[in-house]
2 protein chains.
Amino acid sequence: MVLPYDDAYFMKKALQEAEYALEAGEVPVGAVIVVQDRIIARAHNLTEKLNDVTAHAEMQAITSAANFLGGKYLKNCTLYVTLEPCQMCAGALYWSQIGKIVYGATDVERGCGVMGTTLHPKTKIIGGILENEAASLLQHFFQKKRK
Amino acid sequence: MVLPYDDAYFMKKALQEAEYALEAGEVPVGAVIVVQDRIIARAHNLTEKLNDVTAHAEMQAITSAANFLGGKYLKNCTLYVTLEPCQMCAGALYWSQIGKIVYGATDVERGCGVMGTTLHPKTKIIGGILENEAASLLQHFFQKKRK
């Protein structure tokens, strides 16, 4: 059966955002937030452009989705993000009570898993969706930066 | 010896910010960021007004201080905040590499201590500065809300 709006479909949209970040010289991480198969927020990392450590893709997507919904809780939403959220972003997602987090590549050094960040009890989390594509973008960025 | 710019001096400025939050119907938490005895950022919680879970006092103060300094790292800065930072804010402070965190009241449920959030290895943290004043503002807010 063909599923038009499966996790890979929305992760591709998040990867497109990560590509925009890469083109702009940012660490390539992208995110979208989805409600009932509809994308209500798109964002990519802007820490360099904004000179602001808080400008991760997820943080902007949370703010943008809340603006769209007119309320600060994202209970029925799913976040698709190309890299596993860090402590800050997972902490923000805790407050948002988001329904589900789907990430691509695992961040073995600073991801919320290895850091032991607490998510909201109602939040589901899965990883590994298009992880090679997400990791490849990050590797490309850091290899280029080292040269 | 009289110290004009001791921790209590700057915490009083953070408490003033918390009072602005209380007057506006927000959870009363305030913060200032200081470099060499100079306040470069002031902020208070705006989660209700902005409908945004990321609008904690600390997050806004970090963004504001980075704007002032023209760089995203806050290595030589001290954050004064009336309540112990949560996972999100501590996670943001981790990325900022802030020099020192001074907080007032301890958050025994959702503070970064009990949650086990990792701070940057160079960041010092102390709590309990004017904690009664900070806790009293929070108690006042939540008692009023319950009525």
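Which residues have the most contacts inside the largest nonpolar core? They are A:I33, A:L79, A:M88, B:I33, B:L79 and B:M88, and this core has 93 residues. A nonpolar core is a set of buried Ala, Val, Leu, Ile, Met, Phe, Trp, Tyr and Cys residues joined through side-chain atoms within 4.5 Å. In soluble globular proteins, nonpolar side chains tend to be buried together.

The model is predicted, local features need pLDDT of at least 70, side-chain atom pairs count only at pLDDT 80 or more, and totals for chains, interfaces and linings use all residues. Residues are numbered from 1 along each chain as its sequence is written, chains are lettered from A and ligands numbered from 1 in the order in which they are written, and side-chain values use heavy atoms, without hydrogens and water.

Rings of Phe, Tyr and Trp (its six-membered ring) pair if their centres lie within 6.5 Å; planes under 30 degrees apart count as stacked, over 60 as edge-to-face and the rest as tilted. By this rule there are 12 aromatic pairs over all chains. Two of the pairs are tabulated below.

| Pair | Centre to centre | Angle between planes | Class |
|---|---|---|---|
| A:Y94 and A:W95 | 5.3 Å | 80° | edge-to-face |
| A:F141 and A:F142 | 5.0 Å | 85° | edge-to-face |

Buried means under 20% relative accessible area, exposed over 50%, and partly exposed in between (1.4 Å probe, protein chains only). A:Y94 is buried because its relative accessibility is 11%. A:F141 is buried at 9%, whereas A:F142 is partly exposed at 33%.
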